[in-house]
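Hi everyone, thanks for coming. Let me put the structure up, and then we can walk through it together.

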Amino acid sequence: MGFMKGKKILITGIANRYSIAFGIAKAMHAQNATLALTYHLDKVKERVFSLAKELGISIVFPCDVSSDESIKNLFVNISKKWRKFDGFVHAIAFSPKKQMSGDYVNNITRSDFSRVHDISSYSFVGMAKECRSMLKKNSSLLTLSYIGSKQAIPNYNIMGVAKASLESNVRYMANSMGIDSIRVNAISSAPIKTVSSCGIKNFRKMSKFSKIITPYSHPVTIHDIGNTAAFLCSNLSKGITGQTIYVDGGFNITAMNRLNP
Ligand code: NAD
């Protein structure tokens with residue numbers, strides 16, 4: 001049967017099978033959701049279509065969230081397939097590589113600051129605004145964040161500031177859309193090796209350090225994120241909105257998990 005049976009969910013942000021968004025698509029598929037996907041660039045089009053095929057997904061459209069026109073076209077295309085739907089997953093972030101290393105203050109520029117915020121935070125509410133009238137009652141919107149929104153993490157720099165904006169976006173969107181019975185949440189994920197995370201300087205060192213101080217020893221995978229995402233986009237999580245839910249093995253609650261004798 002599956003606890004997402006009858007739910008139609010749009011998933012953005014699949015670049016390849018290691019993407020968190022693909023873990024989410026698999027988990028939602030396992031719970032019998034009907035899914036649509038987007039891809040960003042033509043160079044990943046074929047790959048995303050083939051991943052869609054693996055999950056029996058027939059609706060796949062392009063979308064570049066840095067363009068209002070592209071977001072509009074996406075929902076015009078979706079409306080030809082689905083009159084109404086039950087939510088979307090925003091698994092999108094972008095920063096120029098040079099901002100993901102070194103000294104935050106020395107490296108920052110006005111144009112990089114706006115571009116990173118535009119793609120990594122604004123686009124979530126931009127998409128919601130465009131499709132609001134197509135969302136059914138009890139819809140759920142979901143985005144992906146990281147603890148760097150709250151605590152300074154080496155090399156995460158500008159993306160940490162954009163994730164803080166994104167999490168605030170979640171609260172304001174939840175406050176705005178609750179009246180239409182639409183919920184909005186974020187998952188704050190543990191570090192997972194993907195195309196995006198590999199752009200952060202010393203990402204391997206960062207994950208190694210996280211593992212050392214994470215209370216729960218099981219490493220978080222895209223399947224774990226996927227299962228929480230499926231729960232948050234299902235009616236099982238009615239009552240949860242405006243939240244950032246940590247799926248990080250408890251990393252966020254500790255500064256020091258154990259001391260060697
Ligand atoms: P990923 O590289 O697989 O996915 C990022 C996606 O963003 C890609 O599919 C890319 O095409 C898309 N994208 C970038 N610019 C876009 C644009 N202008 N229009 C449309 N799509 C665009 O990496 P991921 O790690 O799966 O990232 C998914 C989300 O999870 C991101 O928001 C990321 O910040 C977040 N996150 C990742 C980690 C991690 O460790 N991997 C941890 C916490 C949060």
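Which pocket does the ligand take up? The ligand's space is the largest pocket. On a 1 Å grid over the protein atoms alone, a pocket is an open set of points with protein on both sides within 12 Å along at least five of seven lines, and lining residues have an atom within 4 Å of a point. A molecule sits in a pocket if more than half of its atoms lie within 2 Å of its grid points.

A word on the model: it is predicted, so local features need pLDDT of at least 70 and side-chain atom pairs pLDDT 80 or more, while totals for chains, interfaces and linings use all residues. Residues are numbered from 1 along each chain as its sequence is written, and side-chain values use heavy atoms, leaving out hydrogens and water.

Now the contacts. A polar contact is a pair of N or O atoms within 3.5 Å. An oxygen atom of the ligand is 2.6 Å from a side-chain N or O atom of Thr 194, and another entry on my list is a backbone N or O atom of Gly 13, 2.9 Å from a ligand oxygen atom. For His 40, a side-chain N or O atom lies 3.4 Å from a ligand nitrogen atom. The protein covers 92% of the 820 Å² of accessible area that the ligand has on its own (Shrake-Rupley method, 1.4 Å probe).

Tyr 146 is in the loop between strand 5 (135-145) and helix 6 (157-177); helices (H or I, at least four residues) and strands (E, at least two) are DSSP runs, numbered from the N terminus.

Notes
A polar contact is a pair of N or O atoms within 3.5 Å; within protein, one must be able to donate a hydrogen and the other to accept it, and residues adjacent in sequence count only if both atoms are side-chain atoms. On a 1 Å grid over the protein atoms alone, a cavity is a set of points where a 1.4 Å probe fits but cannot get out, and a pocket is an open set with protein on both sides within 12 Å along at least five of seven lines; lining residues have an atom within 4 Å of a point.
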